Amino acid sequence: MVTLTINGKQVTVLEGTSIMNAAKQVHINIPHLCYLEGLEPEYHCRVCGVEIEGEPRLAPSCVRQVSEGMKVQTNSARVRRARRMIVELLLADHYTDCPTCERNQTCELLKLAFELGVKEIRFEGEKPHYELDETSPAIIRDPNKCVLCGRCVRVCHDVQTVSVIGFVNRGLETMVSTFMENGLGNVECTNCGQCIHVCPVGAIKEKSAVDEVWAALADLEKHVVVQEAPVMRASLGEELGLPAGTLVAGKMHAALRRLGFDTVFETNFSADLTIMEEASELVKRVKEGGVLPQITSCCPGWITFMEHFYPDLIPNVSTCKSPQQMFGALSKTYYAEKAGIDPARIVSVSIMPCTAKKFETQRPEMADSGFQDVDYVLTTRELARMIKEAGIDFASLPDEPAEELMGLYSGAATIFGITGGVMEAALRTAYKLVTGKELEKIDIEPVRGLDGIKTATLNVDGLEVEVAVAHGLGNARKVLDEVRAGKSPYHFIEIMACPGGCAGGGGQPIGFDMALRGIRGQTLYAEDRQLPYRRSHDNPSIKKVYEDYLKEPLGEKSHHLLHTKYTKREVV
Amino acid sequence: MEKILTKNVGKPNSQDIEVYLGGGGYKALEKALGMKPKDVIAEVKKSKLVGRGGAAFPTGLKWEFTRRESAEPKFIACNADEGEPGTFKDRVILLNDPHLLLEALIIGGYAIGASKGFIYIRGEYYREIETVEKAVEQARTKGYLGDNILGSGFSFDVQLYKGAGAYVCGEETALLESMEGNRGCPDCRPPFPAESGFLGKPTAVNNVETLCNIPAIMINGGEWYSRIGSPDSPGPKLYCLSGHVNKPGVYELPMGITLRELIENHGEGVKGEFKAALPGGVSSCLLANLDVKLDYKSVARAGSMLGSGAVIVINEDTSIIDVAKNTMEFFARESCGKCSVCREGTRRAREILTRFANGGGKAKELDLMLELGEVMYDTACCGLGQAAMNTTASAIRLFREEFEQKVRK
């Protein structure tokens, strides 16, 4: 333990603690910009400088460790002068179109400038005028707003181990860019969007489909069908001012109808469908000696990552399309048939916590209905903005159900939205498929929670089924390297690209707070507990779709509409 | 004064190992290998030698810090990324006496317990790189590098790294990053390289000129060395004299001669009337007083820093605003771009100075630049940012009227 003095208050902390964290224990938040909990400190911004007695200069408190007897001042005139001037310098360089900026409500630079009392920008001069990087179908980068804090670089490199962005050039030409400035769309970007969450300003955002969706809703010729991802019910409310974790499934359906969507369904329906197909595939692989471990395929960020970095594992990956794409294919076949609507008139929209979904819909193989299966993807943030734009008082909306045909869902589907959920849902059904009996202990606790890698063993009729769950691509790598080395003990692995799973998806309310992602997950587990059906195979609408249309899991129609293939992609 | 650092410069084929051996070369290594490493360090401490790269840190102490770390392996890296504008002293040694450097580096490696040494040479120094490469080969052939050097049981080898043109890589932590194949950006200290340097291992980083004092210290003793030049910071110094002088060049002189002596006795006087001088390159503050002694402490007392000893003389016909603007163009380009305060600060200062140079300055921007200089000193991560405003701030303090004449009316 180390004892030091911060602003005259004595504090004792563990050796190795940063001054910034030590200060929290005496209730002092040292202003900062490039530091973010969950990422290694990189001291780019210099905002968090503090005065240490006996040292000639200020020290960056995010990285400087405490030492015995240290005397720290976090709020001296000298510290305040430095902080203000640094923020002033950043603003002098910043492209300040704040009223129209994506991050107007969540900009950390704006907040910092206000809190530090920066009232004037005394430096006049050139502002940057870089071209936007619009090469990606999912994410837009605006280097003009970048404050070069390096958080996106760190999350991409350290957490996701994808490393498609980095600093290039030097001096005033320094910028964050991709390999050879090729653009995000032309490198190994998985479109996970974690960079959006860590960006303190509006330099990275999703490619919006709001205007396209408004146009479709206004077009009387079009019949607009909407699906909402499992986690939406736990995070949309938050983006609309309700407490984190408020369950808003019913209000969400109501809001979508008021926005003008013609038919409101649920991705949860196709999540149940995914389980039917994927659990059947697993049972088949186990029984017939197929390639194991089987790895989930719901997450498009993970799929792109795999195609770039682990293409040798393609045979391990489930051929099931993601729930979004299963829904898309059925919306223009099964639903069109049932409702008697020309599929050419159907516009299929999905509401996703995800930026990679925007990429997924545009994959050429995602057109098995004869049309692009899903036309537009809106993130949590985009839908919330549409609701605000339409003036809908979300909090006071009544609860409405989705339409039954493709809107009824089980608790197994709902928990898809948090890491471990797909695994738990699949095991509930796989157990039934193998044993003919229902799994008694339906809550599979070992695969829940926010540990980066979780494992469990489940006895299925004498066979010890070994499973693993990884979320965040850095964690995925550890599990995949075992598979690659032929040393993986698992039968089934769930991988989600984003830390926390969909709860932490790139399209969610801005923030990199793991605890908050966990709260969204708890909401899903709570809904699971209270739903009449908790197993995908119990969902009446799922039984119906097989009876009326698909016939059987892994059958010919399923194969055509619900399964896909993967492509090896280059690493430059 | 007898030459120590440049004693071989001017000899025919001075870069050749035979010539070097003929002048008593590698005798210091032989002697050092017969001593205990801690005694080698004690001798260097006794000499009071301090780093010549600019920071003037005691060399013996740096070696002791590196030696006492428990982590293995340890490394010694020679900083030959000479890039400070007005500095051209290390290249004289690299080109003319590479074995002096190698001998010193091997002694350093022995002293700190390193089996591997590096020389990081400025990428533009093509001939110097070639010369040092040849010298390394010769030293290997003669058994001064490699396994069991001179039967001592000590093994040591040297690897060269070429810079890629970034000035900031002369900063030791950026240099180490560059050697590791990373972007050349300085790291926060602590930890210092002596504790966690190349690949996270204890690393002593020494400038070329610093190291080249070592053989003479080994032969003649630290006591002898400490009596040369200024008692505060003893030894010979390579002064790089440039700017408005009649005879610019590299001069090896005892530490502590005055600016006047350097300019008048060696540089053959100022071209025109003396206005000011930068004693330590563009990172230092302007001096208008010719009687300042050019040793680390005296220059610091006069409000500047000796740095690498790049003395740039400026005559009365020169606009001090142009001088400041020139330095700021350099720093705005060479800032690594990592610290916001340095990247944005140098850029804004450059713009302000450009406006002043064109007669479009604003009076309040003079104090703004002084404040910026203080904030950059306080908050920038490395010496580049901390010192980037020195020339400008001192120009404003010494020649404020000159700036005021350029304020837009």
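Predicted model: local features only at pLDDT ≥ 70, side-chain atom pairs only at ≥ 80, totals over all residues.
## The nonpolar core

Let's start on the inside. The largest nonpolar core brings together 303 residues. Those with the most contacts inside this core are A:C152 and A:A426 from chain A, along with B:C78, B:L101, B:I106 and B:I107 from chain B. Helix α6 of chain B, residues 98-112, supplies the largest share of the core, with 10 residues.

Setting aside neighbours within four places in sequence, A:C152 is in contact with A:I165, A:V176, A:C195, A:V198, A:C199 and A:I204.

## Helix α2 of chain A

Helix α2 of chain A covers residues 77-93, 17 residues in total. From first C-alpha to last, α2(A) reaches 25 Å, close to the 24 Å expected at 1.5 Å a residue.

Because 12 of its 17 residues are buried, α2(A) is largely enclosed by the rest of the structure.

## Domains of chain B

Chain B is divided into domain 1 (17-226), domain 2 (236-315) and domain 3 (320-404). The C-alpha centres of domain 1 and domain 2 of chain B lie 26 Å apart.

How many residues does each of these two domains bring to their contact? Domain 1 of chain B gives 13 and domain 2 of chain B gives 14. On the domain 1 side, 5 residues are nonpolar, 4 polar and 4 charged.

Conventions: Residues numbered from 1 in each chain as written. Chains lettered and ligands numbered in written order. Core = buried A, V, L, I, M, F, W, Y, C linked by C-beta atoms within 7 Å. Buried ≥ 20, exposed ≤ 12 C-beta atoms within 10 Å, placed from the backbone. Helix = DSSP H or I, 4+ residues; strand = E, 2+ residues; numbered from the N terminus. Contact = placed C-beta atoms within 7 Å. Domains from an automatic or database assignment. Nonpolar A, V, L, I, M, F, W, Y, C, P; charged D, E, K, R; others polar. Expected span 1.5 Å × (residues − 1).
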